[in-house]
Amino acid sequence: MQIKHINLPGTEKLDTYTTAVLKNLIVVLVWLILSYINGTLIVTFFRHQTFYEDPRYILFIHMVINDAVQLTVTITLFVLSYVLYKINVSVCCVFILLAVFTTRNTPVNLASMAVERYIAIYKPLHHSQICTVRRTYIVIGLIWFMCVAPDITDLFVTLVTESLSFFHQSVFCLRQNVFKDPVLARKRQAFDIIYFSCVFLTLVFTYLRILFAARALSTERVLAQRARNTILLHGAQLAMCMLSYISPSVEIVLRLIFPGRILEIRFANYLIVYILPRFLSPVIYGLRDKKFRKYLKKQLLNYCQNVILIFTGSE
């Protein structure tokens, strides 16, 4: 038995039934594991008031929730591409826009976290006045505005240029199948260059400033070194986020080298570009941070105790 699956617009490829089931099992299993990890981090944050008053952890949990939504949307689209193959254009628009918004949020959130660490090291006496809880939520609102505003115009242009009947059709849910105007593609490319350049320059600036501060301040050298390492990790995660912009070119090259492995290449590309970076947030920031790790251990211990009580109580 074979299942239709799109490789490139206008080009149909076939997955065997076994392969299709295996791929879907893998992505759903990954989603379940990451959802459990992210859910544990979110519960840990909301059950301890100490995190409510720290901008660093507020920005961190915002990124965790954002990544959880992004992962859920992309995996839902992946499964639907096999189960239904085509979905209603209106529904597809919602999925695509949610995926784009949350994907764009992550790098800007990383830049905001880097700036917060820079202020904590470079202006420690003014940190509590500059990085307040209220301002942190304002920053989160600005992050969403910056990431939603440029791409919501795709929807408005499509509403104007396409007939009402188009939104009642069914399509394979890809961005280029819904937002088809070539002007939109050029607009997205221009915005992507500006967008990632600004984030990259922010990370470089904060890293260098913290590096100089670490050399100058002997008493805060350890703290500065930790902040510098954190920003390096921000840069690594940003680089992984940028893979989505070079992956089409890499995929074309790999297809030329391995012409018989197009579907495998596309699946591996999906896992590396869209799934793997979502592992980094909980590992880098949740487990690496001593304060959060302490409360996380308590939360996991409570889970284990509850599970033991459930099983022992049922016997």
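This is a predicted model: local features need pLDDT of at least 70, side-chain atom pairs count only at pLDDT 80 or more; totals for chains, interfaces and linings use all residues.
Colleague: By class, how many nonpolar, polar and charged residues does the contact of α2 with α5 have?
Modeller: Ala, Val, Leu, Ile, Met, Phe, Trp, Tyr, Cys and Pro count as nonpolar, Asp, Glu, Lys and Arg as charged, and the others, Gly among them, as polar. On that scheme, the contact of α2 with α5 has eight nonpolar, three polar and no charged residues.

Colleague: Is α2 roughly parallel or roughly antiparallel to α5?
Modeller: Helices (H or I, at least four residues) and strands (E, at least two) are DSSP runs numbered from the N terminus, and axes are lines fitted to C-alpha atoms, for helices over the stretch in contact, with angles running from 0 to 180 degrees between N-to-C directions. Helix α2 (residues 55-83) packs on helix α5 (residues 133-161) at about 30°, and their axes lie 9 Å apart. Angles under 35 degrees count as roughly parallel, over 145 as roughly antiparallel, 65 to 115 as roughly perpendicular and the rest as oblique. The relation of α2 to α5 is therefore roughly parallel.

Colleague: Is the crossing of α2 and α5 left-handed or right-handed?
Modeller: A crossing is left-handed if the near helix is turned anticlockwise from the far one by less than a right angle, and right-handed if clockwise. The way in which α2 passes α5 is right-handed.

Colleague: How many residues apart in sequence are the parts that the pair Cys92 and Cys173 ties together?
Modeller: A search of the whole structure finds one disulfide, meaning a pair of cysteine sulfur atoms within 2.5 Å, and this disulfide joins Cys92 to Cys173 with S to S at 2.0 Å. The torsion about the S-S bond of Cys92 and Cys173 is about 100°, so the disulfide is right-handed. Since Cys92 lies in helix α3 (residues 89-122) and Cys173 in the loop between β4 (170-171) and α6 (175-178), the separation of the parts tied together is 81 residues.

Colleague: Is Cys131 buried or exposed?
Modeller: Buried means under 20% relative accessible area, exposed over 50% and partly exposed in between, using a 1.4 Å probe and protein chains only. Cys92 and Cys173 are both buried, and Cys147 counts as buried at 0% relative accessibility. At 13% relative accessibility, Cys131 counts as buried.

Colleague: Which residues does Thr40 touch, not counting residues up to four places away in sequence?
Modeller: Thr40 is found in helix α1 (residues 17-46) and is buried, with a relative accessible area of 3%. With that exclusion of sequence neighbours, the residues touched by Thr40 are Leu296, Gln299, Leu300 and Tyr303.

Colleague: What phi does Tyr85 have?
Modeller: Most residues other than glycine have a negative phi. Tyr85 lies in the loop between α2 and β3 (87-88) and is buried, with a relative accessible area of 17%. Although Tyr85 is not a glycine, its phi is positive, at about 70°.

Colleague: How far apart in space are Glu162 and Lys180, C-alpha to C-alpha?
Modeller: Glu162 is found in the loop between α5 and β4 and is partly exposed, with a relative accessible area of 23%. Leaving aside neighbours within four places in sequence, Glu162 is in contact with Phe167 and Lys180. Glu162 and Lys180 are 18 residues apart in sequence, and their C-alpha to C-alpha distance is 9.4 Å.

Conventions:
Residues are numbered from 1 along each chain as its sequence is written. Side-chain values use heavy atoms; hydrogens and water are left out. Contact means heavy atoms within 4.5 Å.
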